[in-house]
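I am opening my notebook on a new structure today. Here is what I looked up, one entry at a time.

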Amino acid sequence: MVEKITKLMMKFSILTFLMIVVLTNIPIVCAEDIIVDVNGSQKYTSIQTAINESSNGDNIIVLSGVYIENLIINKPLTITSKTGNPTDVTIKAPLPDVVAVKIDANNTVFKGITVASYYTLGQDYGIVFMDNENITVKNNSA
């Protein structure tokens, strides 16, 4: 008997939770895939514009090409080349001695991209990490 009451209470709790979600319009958020193509076949031709207009947790997929821009990644995102091959996507800062990629967000993934510009301050830096946690930089080239 106690087991039936416990199961009934569990079902009631789940139903109550679902009703609250529906009635209060709590949005259920899922990561979005945002495609970037420097050649113009997609909504975004700039990786930085895609970063600016993305939401936390989104996936920015970069199609092949050379992107002349500086990236400031300031929210948790996954940024990757579509093929995963770093020779297909190159990021080059528009000015010499400027960091091409600055990562200033926790829980960020940056992979499959060539970074072709370097900031020199006694050493060369293509990607600069700020004081953040859980950053994955994988299968990139310089």
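**Entry 1: the whole chain.** I began with burial and noted that 32% of the 142 residues of the protein chain count as buried; buried means under 20% relative accessible area, exposed over 50% and partly exposed in between, with a 1.4 Å probe and protein chains only. My model is a predicted one, where local features need pLDDT of at least 70 and side-chain atom pairs count only at pLDDT 80 or more, while totals for chains, interfaces and linings use all residues. Residues are numbered from 1 along each chain as its sequence is written, and side-chain values use heavy atoms, with hydrogens and water left out.

I then looked up the surface: the protein chain exposes about 9100 Å², and carbon and sulfur atoms supply 58% of that area. The areas come from the Shrake-Rupley method with a 1.4 Å probe; for residues, only the protein chains shown count as cover.

For secondary structure I wrote down two helices and 13 strands. These are DSSP runs numbered from the N terminus: helices are H or I with at least four residues, strands are E with at least two.

**Entry 2: strands side by side.** Which strand does β2 pair with in the parallel sense over four bridges? I found β5 (residues 78-81), where Ser-81 is the bridge partner of Val-62. β5 also pairs with β8 (residues 108-111), again in the parallel sense, over three bridges. There, Ile-79 has Phe-110 as its bridge partner in β8. Two strands pair if DSSP finds at least two bridges between them.

**Entry 3: the core.** The largest nonpolar core holds 24 residues, and Ile-47, Ile-60, Ile-79, Val-101 and Phe-110 touch the most other members. Such a core is a set of buried Ala, Val, Leu, Ile, Met, Phe, Trp, Tyr and Cys residues joined through side-chain atoms within 4.5 Å. The largest share of this core, three residues, comes from α2.

Contact means heavy atoms within 4.5 Å.

**Entry 4: Ser-54.** I located Ser-54 in the loop between α2 (47-53) and β2 (59-62). Is Ser-54 buried or exposed? Ser-54 is buried, with a relative accessible area of 7%. A polar atom of the Ser-54 side chain lies 2.8 Å from the backbone oxygen of Ile-51. Beyond four places in sequence, Ser-54 touches Ile-34, Ile-60, Lys-75 and Leu-77.

How values were computed: A polar contact is a pair of N or O atoms within 3.5 Å; within protein, one must be able to donate a hydrogen and the other to accept it, and residues adjacent in sequence count only if both atoms are side-chain atoms.
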